[in-house]
Amino acid sequence: MGHCPIFILSEMNANQLIDHFFRTEYGKAVSHLTNRFGSENLELAEDAVQDTLIKAMQTWPFGQVPDNPTGWILKVAGNRMIDQLRRLQKQTNEEMPELSENLVEDVSLTDINDDMVRMMFACCHPTLSAEYQIILTLKILGGLSIREISTSLLKKEETIAKSYTRAKKKFKEDEIKLTLPPANEVEKRLEMVLKIIYLLFNEGYKSAEGKVLIREDLCAEAMRLNAVLLKTELCSTPSAYALMSLMCFHSSRFAARVDEQGEIISLEDQDRSKWSDELILRGQRYLQKATDTDAVNDYVIQAAISSYHCNAVNFEETRWDEILRLYDVQLQINPSPVIRLNRIVPMEKVHGSMLAYSEIEELEETGFFDAYYLFYAIKGGILQNLGEVQESSIALKKAISLTKNERELNYLNKKLDMLSNSD
Amino acid sequence: MKQYLYVFRGGRAAYQDQSPEEMQAHMERWGSWMQKISAIGHPLQEEGKVVGKAGDVITDGPFTEGKEVVGGYVALSANDMDHAVEMSKECPIFEYGGTVEVREIIEM
């Protein structure tokens with residue numbers, strides 16, 4: 001036996017992995033192994049990958065990162081899983097189908113991407129509730145821990161842990177397989193996956209309460225998952241492109257959306273030079289792809305609206321007429337009160353505050369917005385423009401009483417202060 | 001300068017609950033620290049055997065409680081024992097309840 005070679009720390013050390021490498025590898029490896037060994041072995045796959053990452057963490061700093069870290073993780077986790085399955089086989093005396101030794105050495109990135117897409121369809125399976133879909137997606141594909149999920153969704157860790165256990169049980173009971181939906185169902189099933197991605201993004205973009213306005217990690221995660229979808233032909237649909245475009249446009253404004261103290265800056269007052277040109281450009285490209293066909297969908301319209309905002313030199317010179325027109329189209333597809341509410345902003349710009357106010361009054365009568373702070377914030381703004389200071393302050397106070405987000409509270413309070421000072 | 005050996009023990013149990021994100025951050029702290037103190041060495045497999053007289057296997061590892069298990073070792077140079085102890089203080093193993101045993105290597 002020869003003597004042990006001593007490693008010298010190479011240039012490529014443990015600190016030169018890209019950000020979130022472990023997290024993204026977790027999603028890849030669990031998807032791959034679950035696809036390979038069957039969805040009934042999801043839990044084993046999770047454990048195998050977790051153990052493998054621990055091993056990487058404990059060993060890589062002593063030497064160097066393997067040339068192909070992704071391949072290393074897949075191989076070590078795969079072997080671990082085979083060991084586990086063999087052990088279980090012995091215990092149950094059950095014959096299991098072939099466990100080939102030479103696995104995963106050269107799985108292509110395309111294959112892994114496909115595994116992730118299958119896993120996305122499985123996590124967003126129609127028999128699972130939206131809550132389960134979100135938690136499964138974040139845990140398995142996003143590589144977030146229960147604690148991290150609870151922080152990002154602002155729920156108790158215990159609650160998330162319980163939901164996750166139940167979600168996995170349901171996953172098993174329903175025998176959800178990692179298959180792609182049949183051709184005639186792709187559109188509908190993809191719609192559900194996109195909806196979860198959109199929810200994740202929104203959750204990150206604007207939290208319902210708490211101190212941090214943008215939880216960028218969730219937004220980045222949503223975009224990463226959408227990008228995985230777009231790498232496959234099956235899921236490169238106008239909706240998927242449009243959602244990606246929309247998220248690019250929204251995230252292009254992240255740096256301008258809060259000030260140094262973390263307080264909200266409204267679109268009107270944002271320093272537009274802080275918007276990310278790169279993301280706007282990407283958004284524009286995806287929007288182009290989304291509109292290659294004439295397919296109109298909710299995401300396309302939202303992305304197009306966002307594009308007008310991102311390409312305007314300033315707030316006043318925004319193409320409000322075009323934006324209003326897009327809202328009109330959106331209302332035709334989806335006559336929702338929330339869209340009507342958002343439409344009021346461009347409507348006021350195009351047709352004036354009087355008309356906007358009569359729309360507000362109509363909406364108020366529906367009772368739909370009784371507990372919705374944004375409604376009263378918008379109402380307050382219009383009243384202020386109409387010179388109704390007192391009425392405006394009543395509306396703002398109502399908005400303040402309805403929001404839990406500290407940043408939004410501060411923003412509304414500031415507006416209220418300015419209003420009373422102008423009095 | 002003298003040569004010293006760090007023997008790392010424990011920490012493994014606490015690693016189990018870490019998220020991939022936390023693991024990567026922890027790993028990066030290990031990498032930086034090892035580079036800073038110019039340590040070279042090896043991690044060790046968890047499993048092993050304790051062999052007694054005439055090759056009798058006394059124990060199939062893991063041998064003891066988790067906190068006693070040696071996870072790896074490194075060698076490094078330091079002025080004296082105090083200095084070697086000082087340099088160990090930033091070892092990330094302490095974040096997870098592990099220990100570092102510091103021993104001077106006898107020059108032969």
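Which helices of chain A are included in what covers the buried residues of H8(A)? The model is predicted: local features need pLDDT of at least 70, side-chain atom pairs count only at pLDDT 80 or more, and totals for chains, interfaces and linings use all residues. Residues are numbered from 1 along each chain as its sequence is written, chains are lettered from A and ligands numbered from 1 in the order in which they are written, and side-chain values use heavy atoms, with hydrogens and water left out.

The cover of the buried residues of H8(A) includes helix H4 (109–123), helix H5 (130–141), helix H9 (216–230), helix H10 (238–252), helix H11 (254–257) and helix H13 (298–310) of chain A. Helices (H or I, at least four residues) and strands (E, at least two) are DSSP runs, numbered from the N terminus. The buried residues of H8(A) include Val186(A), Leu190(A), Ile197(A) and Tyr205(A); buried means under 20% relative accessible area, exposed over 50%, and partly exposed in between (1.4 Å probe, protein chains only). At 1.5 Å a residue, the 20 residues of helix H8 (residues 186–205) of chain A should span 28 Å, and its end C-alpha atoms are 28 Å apart, which agrees. The expected span is 1.5 Å times one less than the number of residues.

Two of the covering helices, H10(A) and H13(A), have axes that come within 8 Å and cross at roughly 30 degrees. H10(A) is therefore roughly parallel to H13(A). Axes are lines fitted to C-alpha atoms, for helices over the stretch in contact, and angles run from 0 to 180 degrees between N-to-C directions. Angles under 35 degrees count as roughly parallel, over 145 as roughly antiparallel, 65 to 115 as roughly perpendicular and the rest as oblique.

Strand E1 (residues 2–9) of chain B runs antiparallel to strand E5 (residues 70–78) of chain B, and eight bridges join them; two strands pair if DSSP finds at least two bridges between them. Within E5(B), Gly72(B) is the bridge partner of Phe8(B), and Val74(B) that of Tyr6(B).

Met81(B) lies in helix H3 (residues 81–88) of chain B and is partly exposed, with a relative accessible area of 34%. Leaving aside neighbours within four places in sequence, Met81(B) is in contact (heavy atoms within 4.5 Å) with Tyr4(B), Val102(B), Arg103(B) and Glu104(B).
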